[in-house]
Amino acid sequence: MTDIEIPDSSATVDKIAKPTLSSHVPLGKVIMLVNSLSGSVGNQAAAEAEAIFADYDCEADVVSLEPGQFDEQIRAAIHACPDALFVLAGDGTAGTIASQAGPNGPLIAPLPGGTMNMLPKALYGTADWKAALRLALEEGAEQDVAGGEVSDGAVKQAFYCAAILGAPALWAPAREAIRTGKFSLAWNHARKAMKRAFSGRLRFSLDGAATRRTGALVLISPMISKVMDENTGLEAAAMDPTDAAQAFRLAAHAVMNDWRNDPSVTTQSTRRVEVRARSKIPAVIDGEPLMLKQTANVRFIKKAFRALAPNPPAAADTV
């Protein structure tokens, strides 16, 4: 009697079930940087990422960022020239890595690992980093990401979503203190913010035009802005409530409908901004608070870095 060879059904199932990598770009060799100390990442993230990469036909190196070694590990990852560099970290770390990679570096996939996750949600439409990772692997294409750069002579900070300049940015430390349970510190920050809310005004000029005054200046990237369809500049929104009642009205517009409808808001496209104030300028750059000197400049960057994202990007967090 002739023996009949029966195919290994399990191997067939595994081969059929294996997901396919994106056909838009090569993804044979990738690196993923993981900051387990970041907001929503956790200690198991590196192992979970390795398990996901095992489903795909690519060589993946998952690197856990170590305190005190961030800069060295980031430089090594960029210099390795992978097909794509995935970043699971907070908004600030992801932005720093994208800035260092620049327009000629590897494709960057900033996964949602922070608290706000504006850029990841704009690119992938989700706050679930595992879903975003699979989406980038299976549907990712090269996407040029525009942004801006804020500088005051000492600080130079890139942003890819939004920059808030002026007294309203002082609310960011209060919000962060509440998030970490430091309520006394939050109250102190809130009192400081209220004290300066209607006194710390900015003087600004857009593209060399006449100087104007405002309470706050918000600069929004084309990918995030609802009204900017092309990478031609930043949307500059001057918000100028003159008292608490107008501030509450502006907040209501932001919740109920488009805040641009509020009469205290004016918007236009710009590529170059000059900002001055009588004292240091509070700012929030892609969710990261900082203090700028009394004079600062902002410039538009048409191609800040290359992202690995679906075409077109999800743009879930437009404002």
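The chain folds, in this predicted model, into nine helices and 16 strands. Of its 319 residues, 46% are buried. As for confidence, the mean pLDDT of the chain comes out at 81, with 73% of the residues at 70 or more. One stretch to read with care is residues 243–256, where the pLDDT is below 50. Even there, the model gives the stretch 22 contacts beyond near neighbours in sequence.

Helix packing comes next, with H2 and H6 as the example. Two packed helices can be summed up by the angle between their axes and the distance between those axes. Helix H2 covers residues 45–53 and helix H6 covers residues 129–139; the two pack at an angle of about 30 degrees, and their axes are 11 Å apart. Their crossing is right-handed. On the H2 side the contact is made by Ala-45, Glu-48, Ala-49, Ile-52 and Phe-53, and on the H6 side by Trp-129, Lys-130, Leu-133, Arg-134 and Leu-137. Sorted by type, the residues of this contact come to seven nonpolar and three charged, with no polar ones.

Phe-53 turns up again when the aromatic residues are considered. The structure holds two aromatic pairs, and Phe-53 forms one of them with Phe-86. The ring centres of Phe-53 and Phe-86 sit 5.7 Å apart with the planes at 70 degrees; since an angle over 60 degrees counts as edge-to-face, that is the label this pair gets. Phe-53 has a relative accessible area of 4%, so it counts as buried. Phe-86 is buried too, with a relative accessible area of 0%.

The other pair is Tyr-160 with Phe-305, also edge-to-face, at 4.9 Å centre to centre and 80 degrees between the planes. Tyr-160 sits in the loop between strand S6 (156–159) and strand S7 (162–166), while Phe-305 is part of strand S16 (residues 295–309), so this pair ties together parts of the chain that are 145 residues apart in sequence. Tyr-160 is buried, at a relative accessible area of 2%, and Phe-305 is buried as well, at 0%.

Several other buried positions bring together separate parts of the chain. Glu-149, in strand S5 (residues 141–151), is a charged residue by type, yet its relative accessible area is 14%, so it counts as buried. Leaving out residues up to four places away in sequence, Glu-149 touches Lys-156, Gln-157, Ala-158 and Phe-159, along with Asn-297, Val-298, Arg-299 and Ile-301.

Thr-270 is found in strand S12 (residues 265–270) and is buried, with 1% relative accessibility. Setting aside neighbours within four places in sequence, Thr-270 is in contact with Leu-206, Asp-207, Leu-219, Gly-233, Leu-234, Ala-236 and Phe-300. Thr-270 and Gly-208 are 62 residues apart in sequence, but their C-alpha atoms are 9.9 Å apart in space. Ala-122, in helix H5 (residues 118–124), is likewise buried, at 0% relative accessibility. Along the chain, Ala-122 and Ala-309 are 187 residues apart, and 9.7 Å separates their C-alpha atoms.

Asp-207 lies in the loop between strand S8 (202–206) and strand S9 (212–214), and its 38% relative accessibility makes it partly exposed. Cys-81, another non-glycine residue, also has a positive phi of about 55 degrees. With a relative accessible area of 60%, Cys-81 is exposed.

Definitions and conventions: Residues numbered from 1 in each chain as written. Predicted model: local features only at pLDDT ≥ 70, side-chain atom pairs only at ≥ 80, totals over all residues. Heavy atoms only, no water. Axes fitted to C-alpha atoms, helices over the stretch in contact; angles between N-to-C directions. Helix = DSSP H or I, 4+ residues; strand = E, 2+ residues; numbered from the N terminus. Left-handed = near helix turned anticlockwise from the far one by under 90°. Contact = heavy atoms within 4.5 Å. Phe/Tyr/Trp six-rings, centres within 6.5 Å; stacked < 30°, edge-to-face > 60°. Buried < 20%, exposed > 50% of the residue type's maximum accessible area, 1.4 Å probe, protein only. pLDDT = per-residue confidence, 0-100.
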